[in-house]
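My notebook is open, and I want to look up a few things in this structure. Here it is, with my entries below.

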Amino acid sequence: MHFKKPQPTDVPAFYQGYIASLPDGHVLNLMELGKKRMTDMLSSMDPEDFETTYQAGKWTLAQVIRHVIDAETVFLYRALTMSRRDSTELPSFDENHWADSTALNAQLLSPNALLRDYLLIRNLSINIFSRMTKEELFFRGRANNFDTCANDIAFIITGHEYHHLNIIGERYLKF
């Protein structure tokens, strides 16, 4: 595959830490590793774990996991749009509004739905990225007021999940 780890200037400052924290390796292998980590964690949790927060006013663990799923969905749409050479400028999204909205829908936050939805989007991401040509990976478009490409977004997705799995381990589940 033709993936190349983005340079810090290739992505918005907000995402640079996500990418920098990734271990070395092919991004699709890192996506598979993330899938294993997330699946193992979700499968081993007790239902009450999903309602925990590490501090008053912070998202529940279920909301954090839903955020990872929702963000990957948005990022994958952006990557797919760019890979199809569509130069339509894509908007940002407000993660806090999305989290507040999902908090009102218990079905979206159930352990079974979280695992099912996570696996659906992660498997779709791996499938779509694995079939992109070099030209599709590096066609630059604009999302959230920044020029980017599918290649960069693959690393953002992976780094974003890696970041949140680390937060879950450090602050929520203490592993």
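**Entry: a cysteine.** I looked up C149 and found it buried, with a relative accessibility of 1%. Buried here means under 20% relative accessible area, exposed means over 50%, and partly exposed is in between, using a 1.4 Å probe and protein chains only. C149 sits in the loop between β2 (146-148) and α7. Helices (H or I, at least four residues) and strands (E, at least two) are DSSP runs, numbered from the N terminus. What does C149 touch, leaving aside its neighbours within four places in sequence? I get M82, L137, F138, F139 and R140 as its contacts, where contact means heavy atoms within 4.5 Å. I also checked V11: its C-alpha atom is 9.3 Å from that of C149, though the two are 138 residues apart along the chain.

**Entry: ground rules.** I note that this is a predicted model, in which local features need pLDDT of at least 70 and side-chain atom pairs count only at pLDDT 80 or more, while totals for chains, interfaces and linings use all residues. Residues are numbered from 1 along each chain as its sequence is written, and side-chain values use heavy atoms, with hydrogens and water left out.

**Entry: salt bridges.** I find 11 salt bridges in the structure. To count, a side-chain nitrogen of Lys or Arg must be within 4 Å of a carboxyl oxygen of Asp or Glu. Why would such side chains pair at all? Side chains of opposite charge can pair when their charged atoms come close.

- E32 and K35 form one of them, at 3.4 Å from N to O. They are three residues apart in helix α2 (residues 27-44), so about one helical turn separates them. E32 is partly exposed at 35% relative accessible area, whereas K35 counts as buried at 19%.
- K36 bridges to D40, with the closest N and O atoms 2.7 Å apart. These two are four residues apart in helix α2, so again the gap is about one helical turn. D40 is partly exposed, at 41% relative accessibility.
- R122 and E72 also meet in a salt bridge, 2.7 Å from N to O. This pair links distant parts of the chain, with R122 in helix α5 (residues 111-130) and E72 in helix α3, 50 residues apart. Buried or exposed? R122 and E72 are both buried.
- I also found a salt-bridge network that links R66, D70, R116 and D117.

**Entry: rings.** I get eight aromatic pairs. Rings of Phe, Tyr and Trp (its six-membered ring) pair if their centres lie within 6.5 Å; planes under 30 degrees apart are stacked, over 60 edge-to-face, and the rest tilted. Y15 and Y18 make a tilted pair, 6.1 Å centre to centre with 45 degrees between the planes. Both lie in helix α1, three residues apart, about one turn of the helix. Y15 and Y18 are both buried. Ring pairs join F14, Y15, Y18, F75, F93 and W98 into a cluster.
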